[in-house]
Number of protein chains: 2
Amino acid sequence: MNPLDHAEFRRQGHMVIDFLADYYQNINNYPVRSEVNPGYLVERLPDCAPLLPESIERILKDVDNDIIPGITHWQSPNFFAYFASSGSTASFLGEMLMNGFNIVGFNWLSSPAATELEMVVMNWLSKLLQLPRSFSFSNDGDGGGVLLGTTCEAIICTLLAAKEKMLDKIGRTNTEKLVVYCSDQTHVSLQKAAKIVGIKPENVRKVLTTKSTNFKLTPESLNEVIKRDVEAGLIPIYLCATVGTTSTTTVDPLAPLCELSSKYNMWVHVDAAYAGSACICPEFRHFLDGVEGASSFSFNAHKWLLTNLACCCLWVKDKSALTKPLSTNSEYLTNKATESGQVVDYKDWQIALTRRFQALKLWMVLRSYGVTGLRAFIRNHVKMAKNFEGLVTMDSRFEIVVPRYFSVVCFRVSPCSININEHHGKNYEANEFNHKLLESINATGLIYMTHSVVGGVYFIRFSVGATLTEDRHVQLAWELVQDKATSLLGTQTPKTASYSKLPEQIGSML
Amino acid sequence: MNPLDHAEFRRQGHMVIDFLADYYQNINNYPVRSEVNPGYLVERLPDCAPLLPESIERILKDVDNDIIPGITHWQSPNFFAYFASSGSTASFLGEMLMNGFNIVGFNWLSSPAATELEMVVMNWLSKLLQLPRSFSFSNDGDGGGVLLGTTCEAIICTLLAAKEKMLDKIGRTNTEKLVVYCSDQTHVSLQKAAKIVGIKPENVRKVLTTKSTNFKLTPESLNEVIKRDVEAGLIPIYLCATVGTTSTTTVDPLAPLCELSSKYNMWVHVDAAYAGSACICPEFRHFLDGVEGASSFSFNAHKWLLTNLACCCLWVKDKSALTKPLSTNSEYLTNKATESGQVVDYKDWQIALTRRFQALKLWMVLRSYGVTGLRAFIRNHVKMAKNFEGLVTMDSRFEIVVPRYFSVVCFRVSPCSININEHHGKNYEANEFNHKLLESINATGLIYMTHSVVGGVYFIRFSVGATLTEDRHVQLAWELVQDKATSLLGTQTPKTASYSKLPEQIGSML
């Protein structure tokens with residue numbers, strides 16, 4: 001047995017490429033959301049590992065029969081749930097190379113190309129996003145970027161940096177006084193990260209947002225909370241501002257938030273997990289205005305930049321603040337290159353020591369599609385979401401719950417369509433109705449959308465982001481939404497609100 | 001542009017399979033350790049991303065010209081450094097499927113197969129390792145396993161569980177009193193994890209080990225340290241015991257360490273990152289004796305179980321202790337399956353929320369090679385290390401520094417061979433000599449080994465673990481070691497200590 005025999009690798013590798021190409025070709029045949037019941041697979045599979053080797057042919061048959069029915073098809077063009085994971089051929093090939101080389105890139109020496117390609121790609125992306133030069137690797141600066149798995153890791157690393165920096169200054173017995181800020185729309189990663197790094201749970205301030213500002217975090221409300229804390233003898237250390245919140249893709253105003261935070265010497269992290277990708281287009285870049293006042297910035301290329309899971313890009317202005325608490329020294333890793341101070345050892349930029357050759361996939365994405373291709377990809381998704389929004393607006397039974405920023409439309413059947421007067425706090429019925437509507441749509445298996453709730457209002461999120469989605473999929477999705485609403489409401493579907501009837505002015509806005 | 005066009009995916013996928021099959025076929029042509037200088041790649045590449053798309057043909061040419069020279073070839077049969085990363089075809093194919101489906105498996109609903117296959121595979125592995133049933137998923141127990149990336153994550157998650165469990169009991173103001181234990185041979189992950197979860201750095205006890213016990217952590221020395229802490233009013237919460245330490249692969253005695261720790265109600269984590277894989281062979285299983293007294297156990301399948309990076313397997317006895325501090329709730333993730341309590345949501349078993357379909361690759365490894373194939377793989381590596389050890393023993397210029405347990409041989413040119421009397425604390429010269437020897441060997445590019453230091457003694461680690469390594473590679477490696485030692489010592493290479501001269505009794509021990 002040679003488990004890396006090149007002839008067998010070649011034979012089996014070609015088989016799996018064909019298997020996956022067929023999968024993409026036939027992806028429309030599957031219900032988007034898996035329809036299995038809890039326990040389906042546990043019941044089907046044997047309860048111990050096979051004693052003898054089995055053939056790849058047999059295993060692939062089992063993937064077809066046992067695994068695929070239990071998959072929710074995130075790569076389906078009809079996947080409009082959560083935020084999509086936009087895979088691509090280039091990224092897939094990058095993963096193949098990474099897994100083929102299978103190096104462990106903890107420091108420069110362990111595979112110099114892994115470290116240096118990551119530095120290069122992070123500088124490329126930083127330029128593409130027009131991040132301030134202070135976030136890039138340069139001969140005269142302290143900035144730099146690193147590839148992590150997820151935003152949660154980015155927050156843990158930067159929060160730890162902020163915490164240690166402050167404790168170094170004020171003394172280590174003050175941990176209990178440290179306070180972290182976000183809004184009620186910030187991703188739960190922040191709370192999880194705060195718990196992990198030992199910030200008191202009651203010192204995580206989720207500042208209230210309201211419909212009147214589209215659920216943005218306002219500097220006024222933040223200032224109020226900070227002032228109260230400072231008066232109580234507490235110490236603000238960290239703000240997580242969001243560009244593209246998870247529920248509604250709202251954008252917090254970075255410039256005034258950074259300005260306010262600087263008065264308190266706070267670390268500001270900008271989490272642009274989803275919407276960061278859009279900011280490679282000049283017309284969306286203004287959402288990052290003010291980022292020059294932040295301490296760190298991250299976005300997930302695996303959400304909307306054609307990069308397979310997992311790929312979180314993090315930049316910091318002060319790399320030594322980041323690496324100080326994360327650095328380790330082991331005798332068995334000492335080497336001349338590290339001692340020379342000429343190289344970056346990425347093990348000190350992240351939680352784990354082990355790391356893969358992550359930069360390959362991003363490098364291949366950037367080269368295979370080019371800046372123009374990536375921008376076209378983003379713009380096409382935004383255009384499709386805009387179309388969907390136009391259709392919702394034209395059907396008077398529906399309403400837009402929060403204005404669309406990027407490629408997510410937040411909508412619902414309006415309370416008056418179901419004869420509910422919401423002004424008397426009767427959200428419950430409207431929420432129940434829209435919940436039922438969403439379930440009836442998803443149960444068809446034709447498309448998959450998910451929901452959220454803001455300000456007590458339940459709504460449906462139509463999130464465009466899957467790589468294969470085209471106009472016709474959006475059109476069919478909308479027709480399905482209308483049909484199901486019609487069934488539930490017992491009314492007629494208005495004839496005006498169909499894709500072909502999109503008025504000129506919407507067409508020209510695209 | 002359709003970045004997931006199935007025809008283009010097929011064409012380019014086949015190209016990269018061939019590229020990698022060629023790479024494995026020609027892997028002996030490359031120097032094992034990369035020979036580039038710091039900055040080599042940064043200087044070669046343009047300083048911004050290309051505006052227009054580039055072809056896969058051009059990109060692969062650049063991988064050949066620019067990337068491969070900067071790779072240290074961890075998959076080379078002549079890679080004997082660190083601990084190897086033993087990739088395999090089956091695991092590579094599993095990664096391909098995972099990346100092809102590209103699902104985000106934060107909870108059961110988001111892709112039921114991802115969660116359930118992971119549960120199944122973790123139970124399979126648990127049986128294979130003969131872990132106590134309390135570590136497995138079962139209808140009547142609280143145990144279970146999860147796939148993480150690295151040991152550092154496993155330690156963070158379990159240490160957080162131990163910390164929160166204790167603070168729940170004794171009150172949250174006692175964080176400063178919590179103490180964590182390990183030995184001076186424990187992997188630095190523990191210190192890093194402790195820093196991350198907010199254990200006071202001065203409360204991490206690295207208990208001294210000595211040559212007299214082969215650098216094992218003894219219950220006597222641990223007890224002494226704990227007693228002193230308890231008398232000082234501190235609170236012991238966590239012990240990390242190691243099966244197969246990084247420097248010498250020593251095994252801490254689990255049974256007495258667990259017994260001692262239970263007296264203090266401490267959480268014991270067993271880190272078997274490297275050697276855990278060997279314990280699937282009945283003859284090595286005794287190294288895990290006593291694990292039934294531990295609270296959690298982890299090993300890295302990416303080190304020595306034919307699984308590509310990164311794959312750390314973690315089991316816990318008390319899953320609710322683990323998930324309590326790691327759980328989050330978001331409105332947009334609420335779903336019936338979670339509410340029913342019938343499913344596992346793995347986002348609450350790890351640091352991040354995002355996760356991939358990790359179980360696919362382990363499942364494919366277990367099925368493709370079977371239990372017999374995996375055991376044969378491990379045994380073959382141990383046999384080759386045993387042979388190498390035999391050869392070292394037969395050449396009187398060398399000595400074994402710490403007895404071999406598994407597939408790592410710790411050796412050096414002995415001080416008396418270089419006319420140094422080490423008993424007067426003159427390690428320095430012997431260390432320098434062996435350092436020079438190692439460098440002269442690695443500089444040939446023919447093989448790659450690394451070093452460590454225990455008890456002040458610098459030694460060379462001959463670590464067998466690469467998938468492609470065969471007897472002939474070990475033989476050539478030994479001949480190279482002898483040649484270089486001869487050059488540096490100015491002595492003759494003894495004729496007896498060659499592979500073909502391995503005496504019968506060693507042969508029969510294999």
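Trainee: Which contact joins the side chains of A:Glu399 and A:Arg412?

Mentor: A polar contact is a pair of N or O atoms within 3.5 Å. In this predicted model, the side chains of A:Glu399 and A:Arg412 are joined by one of 2.8 Å.

Trainee: Where in chain A is A:Glu399?

Mentor: A:Glu399 is in strand β9, residues 398–402. Beyond its sequence neighbours within four places, A:Glu399 is in contact with residues including A:Cys410, A:Phe411 and A:Ser414.

Trainee: Is A:Glu399 buried, partly exposed or exposed?

Mentor: Buried means under 20% relative accessible area, and exposed means over 50%. A:Glu399 has 27%, so A:Glu399 is partly exposed.

Trainee: How do β9(A) and β10(A) run, and how many bridges join them?

Mentor: They run antiparallel, joined by 4 bridges. The two strands form a hairpin, with 5 residues between them. Take one pair: A:Ile400 has A:Phe411 in β10(A) as its bridge partner.

Trainee: Which residue of β12(A) stands opposite A:Phe411?

Mentor: A:Ile460 does. Strand β12, residues 457–463, is antiparallel to β10(A), and 4 bridges join the two.

Trainee: Which residues of β10(A) are buried on each side?

Mentor: On one side, A:Val408, A:Cys410 and A:Arg412 are buried. On the other, A:Val409, A:Phe411 and A:Val413 are buried. That covers both faces of β10(A).

Trainee: Now a helix. How many residues of α7(B) are buried?

Mentor: 6 of the 8 residues are buried, so helix α7 of chain B is largely enclosed by the rest of the structure. Among them are B:Leu190, B:Ala193 and B:Ile196. B:Gly198 follows α7(B), with a positive phi near 85°.

How values were computed:
Residues are numbered from 1 along each chain as its sequence is written. Chains are lettered from A and ligands numbered from 1 in the order in which they are written. This is a predicted model: local features need pLDDT of at least 70, side-chain atom pairs count only at pLDDT 80 or more; totals for chains, interfaces and linings use all residues. Side-chain values use heavy atoms; hydrogens and water are left out. Buried means under 20% relative accessible area, exposed over 50%, partly exposed in between (1.4 Å probe, protein chains only). Contact means heavy atoms within 4.5 Å. A polar contact is a pair of N or O atoms within 3.5 Å; within protein, one must be able to donate a hydrogen and the other to accept it, and residues adjacent in sequence count only if both atoms are side-chain atoms. Two strands pair if DSSP finds at least two bridges between them.
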